[in-house]
Amino acid sequence: YAFLKSLQQILVYGNVSDADMDKGQMRCDVNISVRPKGQEAFGTKCEIKNMNTISGVRRAIQHEIPRQIEVVSSGGTIQQETRRWNDGLSETTVMRTKEDAHDYRYFACPDILPFRTRPALFEAAGERIPELPSDKKARFMQDQDLSDYQAEILASDKRLADYFENALSDTKEAVAVANFLINDYLASEPDLDSPAIPAPHFGEVAELVKADTISSKQAKQVISEMLQNGGEPKEIVEKKGLVQLSDEATLEPLCQEAINNNPKSVEDIKAGKGSAINALKGYVMKQTRGKANPQKVDEILQKLLS
């Protein structure tokens, strides 16, 4: 599965093919044989035909290996045959039996001339190879400080990788943008060929969070609105009244009110139960309808309680 996905990505990145197995642009026949541990001779292989998805290839392998092991372990014999994968039933069935190699009708194609490769050809081809998925993933981790998980997902699809890089045109908040794309955008199952949101908009949302104009939670609301109705991030923030409240002069009285109205939580905090401060934060957030800057609220509460 990993090999086929990598091959598919390389073909797409190299602009060789869309490599869509469903459309016949990439094909894979699965040949499987098993042999008891310690046996030198290879087992008899079965070929599984008509695979049209990479995930189907994985499921067919996961089924066929145990099937053959069970046959051999019970004293049976594996026949050299071609089998069909039934994805609905998750099983392979016999299509036809092939006893000898000549049954496969192997022969050299007379229309294909001998082709001699030379070092110069390889050098010329090497110069035309674009940045491949593994290299892009490594660059995302090195230059953008993404995690292995983030870089793997974003580099796995060239369209998504390009979209991510376009989103960074006006921001350096790569990690935030990556999180928005992976956790919010991809969850909406977007059409990556015709994105509903201009890529730079994600950079704008990241900048709004960085400036404490909105919180991360409010950022999700902005993204959701863009997905459903479009619009510019700043316009949505203003229209929806999502501007985060960070003014200390406004927040401090509310924090003091939270302390006065929650004596039990204050007592727990002073007794060393740090998590009790969440009740005070929740009070302030409720009073401001979720608009208060959580970090600022925490700073003020810590100051008032010290």
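1. Tyr 163, Tyr 185 and Phe 202 form one aromatic cluster. Rings of Phe, Tyr and Trp (its six-membered ring) pair if their centres lie within 6.5 Å; planes under 30 degrees apart are stacked, over 60 edge-to-face, and the rest tilted. The model is predicted: local features need pLDDT of at least 70, side-chain atom pairs count only at pLDDT 80 or more, and totals for chains, interfaces and linings use all residues. Residues are numbered from 1 along each chain as its sequence is written, and side-chain values use heavy atoms, with hydrogens and water left out.

2. The structure holds four aromatic pairs. In one of them, the ring centres of Tyr 163 and Tyr 185 are 5.1 Å apart with planes at 10°, so the pair is stacked. Tyr 163 lies in helix α6 (residues 158-167) and Tyr 185 in helix α7 (residues 174-185), so the pair ties together parts 22 residues apart in sequence. Helices (H or I, at least four residues) and strands (E, at least two) are DSSP runs, numbered from the N terminus.

3. Tyr 185 and Phe 202 have ring centres 5.3 Å apart and planes at 65°, so this pair is edge-to-face. Phe 202 lies in helix α8 (residues 200-210) and Tyr 185 in α7, so the pair ties together parts 17 residues apart in sequence. Both Tyr 185 and Phe 202 are buried (under 20% relative accessible area, 1.4 Å probe, protein chains only).

4. Strands β3 (residues 81-86) and β4 (residues 91-97) run antiparallel, joined by six bridges; strands pair if DSSP finds at least two bridges between them. Trp 85 has Thr 92 in β4 as its bridge partner.

Definitions and conventions
Buried means under 20% relative accessible area, exposed over 50%, partly exposed in between (1.4 Å probe, protein chains only).
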